Amino acid sequence: MTTIDWDVSADTFDEEPDHGLRDPVVRAAWAGRLAGWLPEAAGAVLDLGCGTGSLALLAAEAGHRVTAVDRSPRMAALARAKLAGAGAAAGARVLVGDAACPPVAAGAFDVVLARHVLWALPDPEAALRHWATLLRPGGRLVLIEGVWTGDGLPASGTGLPAARLTAALAPFTERVHHERLSADPALWGRPVDDERYALVAALAPPRRHTEVVDVHLILRRGDEVLLARRSGTGYADGLLNGPSGHVESGEDVRAAMIREAAEEIGVSLTPDDLRVALVMQHRGPAGEPRIGWFFEAAYGAGGEPVNREPHKCSGLSWHPLAALPDDMVAYCRAGLDAYRAGERFVIHWHEDGDPIAHTPDAPGRAVVLAATRPGPRGV
């Protein structure tokens, strides 16, 4: 992190060719690069750590609506004067604030532009994550950085390697374009041999929420339901659970239930044997949400149940629905309790510290969603 006093440096800052852009060749070189990095259509550009406003001015002259931010009041004042003096002040704002957390609204910009700023921040990765929240969908980050070995500002030996920033951008960007800038002396007003580059990172589109879909069989033998004791699975072993499984690609929930019943308990059900009893959204402790479809079927349909997966199940047993055992998976127990009460739609959302097993004296996690209820199940 740098300790440069930017207020003190402000009055001589533009003496560097790539800061003041006073040389027409240098200015044209930066204008040409910006034209490739910024959108063709006029957009909202946020220039962070704007310094004296040279790049903000180029963006404004290209038709973009510019907001520039610098933590140095003196730098901000010079940027404001530069924009006004060139007649580019209309629609442009210059604010005093921290580049890491600028005083602007989230989701308001098409571009966040920062040149030689991240290297001076205490936590560049955190700054990038915050800057991404300032962008609209489809927005981009334009980052100009380097690792300097020459004299002047920034100081020799400081900077950020491109690989570090590329890795930091990966979780929230769709693609990152790397452009080497060291080989273009027109940008710097002289030849340079250190690492200077631009990264143009397109924000990843919002990801659609996806959930695993489970199917559960409530096989009724009069007042009893069939449960299986888990064994050798690595999850909830030793606990009772109804016959169940995941919907596979291309299956509907009914087909998945028929398949799982055949695989787990050797029962050959038909679509007419199944009735939808309950739909539950569930989240296990520290897990991801999933949707569970509970189907009801009567004993005798499809044959006598047998344990077809002894490597996953130590045995099958019948239990009164009105007096279920406590040593059950909490997810299954919540579903059966809701089924017995005649509920149709339930959310069962564990806290991260909750046990997987049903615990009678633990806080209830089931939330019933309002719906027409058929009344309690006969037991």
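The lining of the second largest cavity is made up of nine nonpolar residues, two polar and no charged. Here Ala, Val, Leu, Ile, Met, Phe, Trp, Tyr, Cys and Pro count as nonpolar, Asp, Glu, Lys and Arg as charged, and the others, Gly among them, as polar. Before going on: this is a predicted model, where local features need pLDDT of at least 70 and side-chain atom pairs count only at pLDDT 80 or more, while totals for chains, interfaces and linings use all residues. Residues are numbered from 1 along each chain as its sequence is written, and side-chain values use heavy atoms, with hydrogens and water left out.

The volume of that cavity is about 60 Å³. On a 1 Å grid over the protein atoms alone, a cavity is a set of points where a 1.4 Å probe fits but cannot get out; a pocket is an open set with protein on both sides within 12 Å along at least five of seven lines; and lining residues have an atom within 4 Å of a point. A volume is the space filled by probe spheres set on the points, which are joined across faces, edges and corners. Among the residues lining the second largest cavity are His216, Val225, Phe294 and Cys332. β8, β9 and α10 each give two or more residues to this lining. Helices (H or I, at least four residues) and strands (E, at least two) are DSSP runs, numbered from the N terminus.

Now the largest pocket. Its volume is about 760 Å³. Which of its 33 lining residues lie nearest the centre? They are Arg230, Asn241, Ser244, Gly245 and His246. α9 supplies the largest share of the lining, four residues. By type, the lining of the largest pocket has twelve nonpolar, eleven polar and ten charged residues.

Next, the sheet. Seven strands form an open, mixed sheet in the order β3-β2-β1-β4-β5-β7-β6; two strands pair if DSSP finds at least two bridges between them. β3 (93-96) and β6 (173-180) are at the edges with a single partner strand each, so one side of each has no neighbour in the sheet. β6 runs antiparallel to β7 (residues 195-203), joined by seven bridges.

Last, the whole chain. It has ten helices and 16 strands. Its C-alpha atoms fill a box of roughly 90 × 40 × 40 Å along the principal axes.
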